[in-house]
2 protein chains.
Amino acid sequence: MSPPTDRFTALDVYDVRFPTSDNLDGSDAMNANPDYSAAYAVLRTDATDGLEGHALAFTTGPGNDLQISAIKGLAEWVVGRRVEDVLGDLGAFSHELIHEPHLRWLGPEKGVVQMAAGAMINAAWDLRAKRAGQPLWQHLARLEPDELVSLVDFRYLTDALTQGEALAILERARQGRGEREERLLNQGYPAYTTTPGWLGYSDDKLDRLAREAVEQGFTLIKLKVGADVADDVRRMKVARAAVGDGIRIAVDANQRWDVGPAIDWMRALGPYDPYWIEEPTSPDDVLGHAVIRHAIHPIKVATGEHAANRMIFKQLLQIGAVDIVQIDAARVAGVNENLAILLLAAKYGIPVCPHAGGVGLCEMVQHLSMLDYVAVSGSWEDRVIEHVDHLHEHFVTPVHLEYGRYRAPLAAGGGGEMLADSVAQYSYPDGPIWAARRQ
Amino acid sequence: MSPPTDRFTALDVYDVRFPTSDNLDGSDAMNANPDYSAAYAVLRTDATDGLEGHALAFTTGPGNDLQISAIKGLAEWVVGRRVEDVLGDLGAFSHELIHEPHLRWLGPEKGVVQMAAGAMINAAWDLRAKRAGQPLWQHLARLEPDELVSLVDFRYLTDALTQGEALAILERARQGRGEREERLLNQGYPAYTTTPGWLGYSDDKLDRLAREAVEQGFTLIKLKVGADVADDVRRMKVARAAVGDGIRIAVDANQRWDVGPAIDWMRALGPYDPYWIEEPTSPDDVLGHAVIRHAIHPIKVATGEHAANRMIFKQLLQIGAVDIVQIDAARVAGVNENLAILLLAAKYGIPVCPHAGGVGLCEMVQHLSMLDYVAVSGSWEDRVIEHVDHLHEHFVTPVHLEYGRYRAPLAAGGGGEMLADSVAQYSYPDGPIWAARRQ
């Protein structure tokens, strides 16, 4: 680390919006016209290294300003503090932020304030990894088990996962870390693609994109469902015909259904062998997911991208409500809370397959899956990171896929840094892209 | 209703904060120095009647500005619309607000955006009741069962409560509504008091206030617990000695514990016969509450003031995690979502004992318990509304207690209207009270 006199000087937050609602990329059963947007946070210091911490909260356009206000409200927690004090104990920093009583009242630990804490904590991790000169996954995966444990907030978790159990999981995974890091660097991490399956696409486009996905090396594709059952049966048939029997097809209802309709709908799709159903119902409904899972076995149940915090994941695992845990880099309180979730999933032996897409979510979340592989679960069996081919060109270190696998990023940092020019162009409402649209 | 040409002209939102952290009123195991505050919403129209809709979201000070931004963001949903269109179908209005995809992304249905929807919906109900010239409880309790059902959003509820079941509950309660309204007007609704039991009070003050509470007619008092077990055992002993055996003593941990410690702590308090333990752990932890309830029987488990939405209440009831459902007037999406929760509780036969205190929460939530008594559960057995003797003097129609019972309010509206002078005096940061403190 650099001199102990370095201090944080600013937390700047930018409103960056992409007019994705112009076409139907990103359309699903619940989100008809999203403008994929970022409440984009930049943590600055007075260090001579010139390094900054970058991260974002992802929204769908309107409301991005509210998310920005929430992040800005956290500036007082960091500006003026010594960089080393904060980065040297990000477990304590994270604990402070999520348990601050006044912010807690606005959640607790959910929604806008939780995503704000996530952006702040992820920006701090980005800076820490940059200062260490390592990609975040590697920086984390090389920490000692006891340091990793110190990053986790065990409040409300101890009936499912104690500090001791977490340490045992990490100690077990300590063996073979070097080999797995090597393998990851050589082979990359398995991905799946949602590109073919947006609701707004024609059958022809779905057919074509599904075939292309297989040619590109993907072994799992995903279709959005939930608007109309007859349409979904037809689309599922088109997709299955396009990819053949050897390829997994997941479906995603984006929380559209009640418990009963979810079961009926999935039975209608059953003949086409869906691999998992994602977000069949409310992300808060732990018991509902358990009922659905029991009813539609062997179709798997996946959820988590909208699960507010580690307590929801804990319960999903305790009661056996899910086959797949879907973390999101920017929904919960950042790297620290996601590490807690990785540990919970490892304890219960459930694979983590992150949600991505959006703006920069692929770039950020890949680090967590790679951490999981190298140092937590120690496995990539039945694990895949979502890939959506959106907006990567706006990032300094965009994800790089080769034959259906994420190449392990080598650049220092957490992946969430956008190009300065993209931030300027897509600034809302006054950047050139938005100004031109108003003329 | 007045002329169909009336339109909404503004949704004004005010930052009103009371410096309650000066003393230790309101202190508990999780909230050490709250300044009880309101994100205070006023809905205005161009009608000649001059009536306005008033409601608030309650916060503990810092972050009130964020809550205000969230409410302001909803102005476009109402300003310019015809008053009759909105007030005439508040079921549709509520559905629109809570399922708007971009706002949903920031929750979904939780935290800052949910409380904002609640403030907006409650303000609309306040206006509707004022236009009808009725107190809100009476206005609601006199609606036909099918109209009440039309107010409820059954999304995600149908595995626990269908529209038909809700209608049957309300039809059953239709019988005897008149008599119960009469009885309520004559006798008032049972209350309990939290005034004696704040954590910061000395044993002498606790003893004195507990005795006074009994003299004032309360049959249930509540103590805050959770900071130190030895202290709590001593305080519980003091309180039990003060009130004797015939009075119920509830305790409230404000989410302080993990599941295991909650059980241990309550066993330590067991000899002093606590009636319920409130918020023993995370409000999101449905399964945790179920485990605690099973372990500490016959001590009852209560929660709900921080439960984000009807899906959490549904699960608490489905799995038998609670003995007492604690609604809050301003945490969920307003009257409509609280009606859903009252119906769920009635279906499962669990009493509703609202959380109140704060700013204006007593004034608002009493209407919901009275609605419950007259037209939903039809019972007040084992039901009590919390009463805390804070800040009532700032409201136009403050609650009125007589010998441990809330008198049924007779003034038109929903109770959340503050005195204009209080709003001006306590405006943050520039009102006279706050300006003077900075000198």
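A crossing of two helices is left-handed if the near helix is turned anticlockwise from the far one by less than a right angle, and right-handed if clockwise. Helices (H or I, at least four residues) and strands (E, at least two) are DSSP runs, numbered from the N terminus. The model is predicted: local features need pLDDT of at least 70, side-chain atom pairs count only at pLDDT 80 or more, and totals for chains, interfaces and linings use all residues. Residues are numbered from 1 along each chain as its sequence is written, and chains are lettered from A and ligands numbered from 1 in the order in which they are written.

In chain B, helix H10 (residues 203-215) passes helix H11 (residues 229-243) in a right-handed crossing. The two pack at an angle of about 35°, with their axes 8 Å apart. Axes are lines fitted to C-alpha atoms, for helices over the stretch in contact, and angles run from 0 to 180 degrees between N-to-C directions. Residues are in contact if their C-beta atoms, placed from the backbone, lie within 7 Å. H10(B) contributes residues including B:Leu206 and B:Ala210. H11(B) contributes, among them, B:Val238 and B:Ala242. By class, this contact has seven nonpolar, no polar and four charged residues. Ala, Val, Leu, Ile, Met, Phe, Trp, Tyr, Cys and Pro count as nonpolar, Asp, Glu, Lys and Arg as charged, and the others, Gly among them, as polar.

In chain A, helix H5 (residues 111-132) packs against helix H15 (residues 334-348) at about 95°, with the axes 6 Å apart. H5(A) is therefore roughly perpendicular to H15(A) (65 to 115 degrees; under 35 is roughly parallel, over 145 roughly antiparallel, the rest oblique). A:Ala117, A:Gly118, A:Ile121, A:Asn122 and A:Trp125 of H5(A) meet A:Gly334, A:Val335 and A:Asn336 of H15(A). This contact has four nonpolar, four polar and no charged residues.

Chain A is divided into domain 1 (8-151) and domain 2 (177-416), with bounds from an automatic or database domain assignment. Their C-alpha centres lie 22 Å apart.

A rotation of 180° with 0.0 Å of shift along its axis superposes chain A on chain B (RMSD 0.0 Å). That is the relation of a two-fold axis. Copies are superposed by least squares on the C-alpha atoms of residues with pLDDT of at least 70 in both. Of the residues of chain A, A:Gly111 comes closest to the axis, at 2.6 Å (C-alpha).

Note on methods
Contact = placed C-beta atoms within 7 Å.
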